[in-house]
Amino acid sequence: MNFSEKRILVTGGTWGIGRAIALGLLDRGIGGLVVAAEETEPNGWEEFESKGASYLHADLGTETEPGELVRRSHELMGGLDGLIHCAGVYLEGNPGDRNAVQIWNETVNIKARGGYLLATEFAKVATDGASFVGITSINAEQSETDHLAYDPACAALGGVIRAFAVHCAPRLRFNALAPGLIHTRLTEEVAASAEMSDHAAKNIPLQKLGRPEDCVGAALFLLSDDASYITGETIFVDGGIHANQMSREK
C-alpha cells in the first residue's frame, strides 16, 4: 500500500483508534495528513508534528464545522484523497448532568450527523477514486446494556456510509470499519477490571481485548487503492465477536 501521494483527514485522531490510524499513516509515509479533534491542545501532538501532520480544531457536533473541516483540510493539503471519521462519544457510561435528550443529541450528532455532513462535503471536493472510511462499531449490529444512544448512532453512520457508497459510485468509495471490544478510553472500565476482562474474553473467540493498533491494517487497506473494488461494505475488527452466536464456556 503506497500512501506517499495520498492526502487524508482523520477525525478523532488524537486518542485511541483514530490516533493509531493517524500514526500508522505517518509511519507509512503519507503525503499529507490533517488530524482533527475538539481539543485545544491535542494529546501528545509532538509525535504527530515531528512527522509533518497538521492539526485542526473542530466540533463535529455542530451543523457547520464538519463541512468547514473538510474544506479547510482540502485547502491546506491542496486536495483530499481520503477521510477517516473516527470521532465519537459514549455518554451513557458517564452522563454527568445530561438528560436523555442531551445524551442522544450529542452522541448522534457527532457520530452520525457529523458523518453525514463530512461525507456531503467530501463528495464535493474529494479527488476521483478517493475513499471515506467511517469507524462504526460491532454495536451497530449487536447491542448491549446502557448503549441506548451509542449503538443507534453507530448503526446510523453505517446507513450513511451505504447510502453515499451508492450515490457517489463509481467516483468515490465509502466503507465502514466496525471494531469490537478495543482497549481505549471508552472501554477503560472493562480493561481495568480483571473480572470484566475475563468475562469479555470468554465471549471473544480470540480470547482477548483488542488494541487500537489492531484496527490500523484494515483501515489503511480500505483507504488504499488495493481496495479499489470495495464500497458500501463493513469490515469487522472484533476478534470474532460477530461470528460468535452465543457465549462460550471456557
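1. Let me begin with the contacts of the chain as a whole. Among contacts with a separation of 6 or more, 71% are between residues 24 or more positions apart. Please keep in mind that this is a predicted model. The chain holds eight helices and seven strands.

2. A compact globule of 250 residues would have a radius of gyration near 18 Å, and the chain has 17 Å, so the two agree. The C-alpha trace spans about 50 × 40 × 40 Å along its principal axes. Of the 250 residues, 50% count as buried. The chain exposes about 12100 Å², and carbon and sulfur atoms supply 50% of that area.

3. Next, helix H5, residues 150-168. The buried residues of H5 include Tyr-150, Cys-154, Leu-157, Val-160, Ile-161 and Phe-164. Their cover includes strand S4 (82-85), helix H4 (100-125), strand S5 (131-135) and strand S6 (173-179).

4. S5 runs parallel to S4, and four bridges join them. In this pairing, Gly-82 stands opposite Ser-131 of S5.

5. Six of its eight residues are buried, so H8 is largely enclosed by the rest of the structure. The buried ones are Val-216, Ala-218, Ala-219, Leu-220, Leu-222 and Leu-223. They pack against strand S1 (7-11), helix H1 (16-27), S4, S5, S6 and strand S7 (234-237).

6. Is Phe-221 buried or partly exposed? Its relative accessibility is 28%, so Phe-221 counts as partly exposed; the cut-off for buried is under 20%. Leaving aside neighbours within four places in sequence, Phe-221 is in contact with Met-1, Asp-226, Ala-227, Ile-230 and Ile-235. Met-1 is 220 residues away along the chain, yet the C-alpha atoms of Met-1 and Phe-221 are separated by 7.4 Å.

7. Now the cysteines. How many disulfides does the structure have? A search of the whole structure finds zero. As background, a disulfide is a covalent bond between the sulfur atoms of two cysteines. For Cys-86, the closest cysteine sulfur is that of Cys-215, and at 8.1 Å it is too far for a bond, given a cut-off of within 2.5 Å. Cys-154 is in no disulfide either, with the nearest cysteine sulfur, that of Cys-86, 10 Å away. Cys-86 counts as buried because its relative accessibility is 13%. Cys-154 is also buried, with a relative accessible area of 1%.

8. Some backbone geometry is worth checking by eye. Most residues other than glycine have a negative phi, and most peptide bonds are trans. The peptide bond from Ala-169 to Pro-170 is cis, with omega near 5 degrees. Pro-170 sits in the loop between H5 and S6.

9. Two positive phi values belong on the list as well. Asp-146 has a phi of about 65 degrees although it is not a glycine, and this residue lies in the loop between S5 and H5. Gln-207, also a residue other than glycine, has phi near 65 degrees. Gln-207 is found in the loop between helix H7 (194-202) and H8. With 49% relative accessibility, Gln-207 counts as partly exposed.

Note on methods. Residues are numbered from 1 along each chain as its sequence is written. This is a predicted model: local features need pLDDT of at least 70, side-chain atom pairs count only at pLDDT 80 or more; totals for chains, interfaces and linings use all residues. Side-chain values use heavy atoms; hydrogens and water are left out. Buried means under 20% relative accessible area, exposed over 50%, partly exposed in between (1.4 Å probe, protein chains only). Contact means heavy atoms within 4.5 Å. The radius of gyration is taken over C-alpha atoms; the globule rule is 2.2 Å times the number of residues to the power 0.38. Accessible areas come from the Shrake-Rupley method with a 1.4 Å probe; for residues, only the protein chains shown count as cover. Two strands pair if DSSP finds at least two bridges between them.
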